[in-house]
Amino acid sequence: MNKLLIVGTVAFDAIETPFGKTDKILGGAATYIGLSASFFNLQSAIVSVVGDDFPQEHLDLLTSKNIDISGIEIVKGGKTFFWSGLYHNDLNSRDTLVTELNVLADFQPKVPQNFKDSDVVMLGNLHPLVQSSVLDQMEKKPKLVVLDTMNFWMDCALPELLEVIKRVDVITINDEEARQLSGEYSLVKAAAKIQDMGPNYVVIKKGEHGALLFHNREVFFAPALPLEEVYDPTGAGDTFAGGFSGYIAQSENISFGNMKNAIIYGSNLASFCVEKFGTERMETLSKAEVAIRLQQFKSLTQFDIEI
Ligand code: AMP
């Protein structure tokens with residue numbers, strides 16, 4: 001079975017959207033990536049860190065989804081990473097209210113020995129030095145390295161971020177962050193500049209407006225499924241990244257054509273994530289529901305025009 005190595009935060013989140021508010025609930029980039037990638041036939045592991053305030057039931061949830069958690073360090077007396085966000089009325093933009101790095105501040109990641117030969121490495125959102133350190137520990141060159149990041153790291157660790165971006169094949173980033181990273185307003189120009197920084201493939205996520213995949217001069221677009229219920233977009237980007245990297249790891253095909261499919265799988269899984277607060281929807285989602293919605297995705301975008 002192919003292996004997917006996931007790095008990212010495992011966290012507490014407090015979220016406020018126009019539809020409600022939560023106290024500290026399970027969150028984190030690696031959590032969402034792992035839950036999303038669990039829909040594929042592969043072996044996956046998370047490398048991360050939490051404090052001993054982190055409930056065992058959250059770790060048990062990851063294990064129940066067949067995710068190897070031996071790379072999640074538990075720091076005695078430490079506090080888990082905490083993030084709090086407030087969404088605006090359109091749900092497409094949000095303000096970060098609090099980012100407490102806590103145990104993440106001095107984290108030295110350790111890749112489990114049996115994942116040092118992973119086929120795909122998904123570098124989820126956390127400090128770029130941690131992302132680099134994970135790549136340094138790989139004993140076999142992965143077939144594909146995917147990186148996700150956010151404005152927080154552009155603001156506070158840009159040189160380190162630019163170093164790790166040089167080493168990856170695919171970057172997934174949202175539109176606002178692509179503009180910040182490249183200094184270009186046009187997403188076409190932004191994607192070209194970001195490709196010059198290293199990654200051969202640039203995926204720009206546009207929330208409810210879908211996702212764009214750029215490679216050389218080619219571009220592919222996948223819409224987001226129009227949904228009846230949207231409560232909380234938190235983790236949608238990570239769920240997308242988990243679907244994208246999970247599908248590629250399972251299929252072992254890193255062609256541009258297959259990446260288009262990966263974008264659809266990622267968008268499909270992300271469409272479920274936003275239907276409830278936090279990880280709730282992803283926890284109970286079934287493979288049958290995923291398959292039905294994939295069919296809806298196909299119908300949404302298929303047309304027959306003779307040119
Ligand atoms: P997304 O909505 O996909 O951008 O991801 C939201 C998740 O990212 C939340 O569950 C947070 O815990 C996590 N997060 C927020 N800020 C950061 C950060 N600076 N570094 C890593 N993870 C973060």
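Is Lys205 buried or exposed? In this predicted model, Lys205 counts as buried because its relative accessibility is 11%, under the 20% limit for that class.

Good morning, colleagues. I shall begin with the partner of this lysine. The side chain of Lys205 meets that of Asp148 in a salt bridge, with 2.8 Å from N to O. This pair links distant parts of the chain: Asp148 belongs to strand S10 (residues 144–148) and Lys205 to strand S12 (residues 201–205), 57 residues apart. Asp148 is likewise classed as buried, because its relative accessible area is 3%.

In total, the structure contains 12 salt bridges. Another of them joins Asp117 to Lys3, whose closest N and O atoms are 2.9 Å apart. Here too distant parts of the chain are linked, since Lys3 lies in strand S1 (residues 3–7) and Asp117 in the loop between strand S8 (94–100) and strand S9 (120–123), with 114 residues separating the two. Lys3 is buried at 14% relative accessible area, whereas Asp117, at 32%, is partly exposed.

Consider next Lys166 and Glu163, whose side chains form a salt bridge of 2.9 Å, N to O. Lys166 counts as exposed, with 52% relative accessibility, and Glu163 as partly exposed, with 44%. There is also a network in which salt bridges with shared partners join Glu275, Arg281, Glu289 and Arg293.

I turn now to the aromatic residues. The structure holds 7 aromatic pairs. One of these is formed by Tyr247 and Tyr265, which are stacked at 4.4 Å centre to centre with 15° between their planes. Tyr247 is buried at 10% relative accessibility, while Tyr265 is partly exposed at 25%. Ring pairs link both tyrosines and Phe40 into a cluster.

Two further sites deserve mention. Lys193, in helix H7 (residues 187–196), is partly exposed at 36% relative accessibility. Beyond its neighbours within four places in sequence, Lys193 contacts Ser182 and Glu184.

Finally, the annotation. An unreviewed UniProt entry lists residues 21–281 as "domain: Carbohydrate kinase PfkB". Over that range the chain is 37% helix and 25% strand, and the C-alpha atoms at its ends are 16 Å apart.

Note on methods
Residues are numbered from 1 along each chain as its sequence is written. This is a predicted model: local features need pLDDT of at least 70, side-chain atom pairs count only at pLDDT 80 or more; totals for chains, interfaces and linings use all residues. Side-chain values use heavy atoms; hydrogens and water are left out. Helices (H or I, at least four residues) and strands (E, at least two) are DSSP runs, numbered from the N terminus. Buried means under 20% relative accessible area, exposed over 50%, partly exposed in between (1.4 Å probe, protein chains only). Contact means heavy atoms within 4.5 Å. UniProt positions are given in the numbering used here, feature names are shortened, and annotations may be inferred rather than shown by experiment. Rings of Phe, Tyr and Trp (its six-membered ring) pair if their centres lie within 6.5 Å; planes under 30 degrees apart count as stacked, over 60 as edge-to-face and the rest as tilted. A salt bridge is a side-chain nitrogen of Lys or Arg within 4 Å of a carboxyl oxygen of Asp or Glu.
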